[in-house]
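Please look over the sequence and the structure below, and then follow the sections in order.

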Amino acid sequence: MAGAIVGRKSRSRARTLAWLGALLGLMMLTAACLPAQPSAGRGTPVKRVLIIGDSIAHGLFGTTPKVHSRLTAALADRGVALRIDGYPGENPIDTWPSNSTGWLDRMRAQIAAFDPDMVIVQSMLFPDPDNPARRELYLGGTRALLDIAGSRGAHVYLVNHPIPPGAQEAHARAVAQSLQAQAAAGRGISTIPLDYWLGSCDRPYVSDGWHLSANGQACHTLAMVAAVDQLRGQNG
């Protein structure tokens with residue numbers, strides 16, 4: 001019985017990876033689904049990927065799917081290890097009250113312990129975007145986070161998010177991405193076009209219109225894998 005269960009799980013994983021591979025191949029016929037170019041970084045093969053993110057990666061406090069299991073499997077099939085850090089409601093300057101360390105400290109720890117070849121910073125929103133002091137703090141925090149992410153030569157990426165339906169969320173997203181672009185300017189940092197992948201995805205969101213459904217989780221995986229494969233094509 002145990003062998004049959006393991007066999008079914010293996011076949012299910014194989015079918016999932018085959019589906020991801022076929023869809024990825026189809027969608028990569030258009031360059032719009034890829035970063036404009038791989039991010040600058042060391043010339044070593046891509047073996048370790050780190051994502052630090054908010055509820056788009058981690059799910060909304062257990063009410064929406066995480067991206068972890070599907071993306072871990074897809075990258076493991078390529079011989080690439082994955083770690084995901086961060087937490088819902090967090091960003092480069094805000095830490096969820098139940099957590100003791102913010103993204104800067106966690107990035108330092110991950111760079112020291114995991115030494116990733118590729119770092120993906122996924123931050124969609126931040127509170128009070130019209131407060132000038134908060135904007136300066138976010139800009140400085142993002143610059144510091146990118147400094148740490150690339151401190152050992154990792155290829156560093158940002159994520160371009162789709163526009164959420166609520167006016168407040170849409171504005172916060174626009175300000176956050178503008179500040180991220182300022183922080184990344186001149187560093188050779190590329191952007192993963194998650195907005196393209198989710199825009200081409202069937203029913204990617206739950207009822208709020210911007211947190212990921214199971215379908216959205218699958219399309220998120222495709223976006224990340226496409227960027228990893230592009231970098232692997234350059235570095236191996």
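## Terms and overall layout

Two strands are said to pair if DSSP finds at least two bridges between them. Helices (H or I, at least four residues) and strands (E, at least two) are DSSP runs, numbered from the N terminus. This is a predicted model, in which local features need pLDDT of at least 70 and side-chain atom pairs count only at pLDDT 80 or more, while totals for chains, interfaces and linings use all residues. Residues are numbered from 1 along each chain as its sequence is written, and side-chain values use heavy atoms, with hydrogens and water left out.

The chain contains 8 helices and 5 strands. Read from the N terminus, its elements follow the order α-β-α-α-β-α-β-α-β-α-β-α-α. Of its 236 residues, 49% count as buried; buried means under 20% relative accessible area, exposed over 50%, and partly exposed in between (1.4 Å probe, protein chains only).

## Strand S1 and its two neighbours

Strand S1 (48–53) is mostly covered, with 5 of its 6 residues buried. On one pairing, S1 and strand S2 (residues 81–86) are parallel and share 6 bridges. S1 is also joined to S3 by 5 bridges, again in the parallel sense.

Val-49 illustrates both pairings. Its opposite residue in S2 is Leu-82, and in S3 Val-49 stands opposite Met-118.

## Strand S4 and the crossovers

Strand S3 (residues 118–122) pairs with S4 in the parallel sense over 4 bridges, and the bridge partner of Val-119 in S4 is Val-156. S4 also runs parallel to strand S5 (residues 190–192), to which 3 bridges join it. There, Leu-158 has Thr-191 of S5 as its bridge partner.

The chain crosses from S4 through H6 to S5 in a right-handed β-α-β crossover. A crossover is right-handed if, with the strands pointing away from the viewer, the path from the first strand over the helix to the second runs clockwise. A right-handed β-α-β unit is also made by S3, helix H5 (residues 132–149) and S4.

His-155 also has a neighbour from elsewhere in the chain: its C-alpha atom is 7.1 Å from that of Arg-42, although the two are 113 residues apart along the chain. Arg-42 lies in the loop between helix H1 (2–27) and S1, and it counts as buried because its relative accessibility is 17%.

## The disulfide

A search of the whole structure finds 1 disulfide, defined as a pair of cysteine sulfur atoms within 2.5 Å. It is formed by Cys-201 and Cys-219, whose sulfur atoms are 2.2 Å apart. The pair links distant parts of the chain, with Cys-201 in the loop between helix H7 (194–199) and helix H8 (214–235) and Cys-219 in H8, 18 residues apart. The link is right-handed, with 85° about the S-S bond, and both cysteines are buried.

## Two residues with positive phi

Asp-115 has a positive phi of about 45° although it is not a glycine. This residue lies in the loop between helix H4 (103–114) and S3, and it counts as buried because its relative accessibility is 18%.

Arg-203 likewise is not a glycine, and its phi is positive at about 50°. Arg-203 is placed in the loop between H7 and H8. Is this residue buried or exposed? Arg-203 counts as exposed, because its relative accessibility is 60%.

## The largest pocket

The largest pocket has a volume of about 330 Å³. Of the 21 residues that line it, the closest to its centre are Gly-89, Leu-125, Phe-126, Pro-127 and Trp-210. On a 1 Å grid over the protein atoms alone, a pocket is an open set of points where a 1.4 Å probe fits, with protein on both sides within 12 Å along at least five of seven lines, and lining residues have an atom within 4 Å of a point. Grid points are joined across faces, edges and corners, and a volume is the space filled by probe spheres set on the points.

The largest share of the lining, 3 residues, comes from H6. By type, the lining divides into 12 nonpolar, 5 polar and 4 charged residues. Here Ala, Val, Leu, Ile, Met, Phe, Trp, Tyr, Cys and Pro count as nonpolar, Asp, Glu, Lys and Arg as charged, and the others, Gly among them, as polar.
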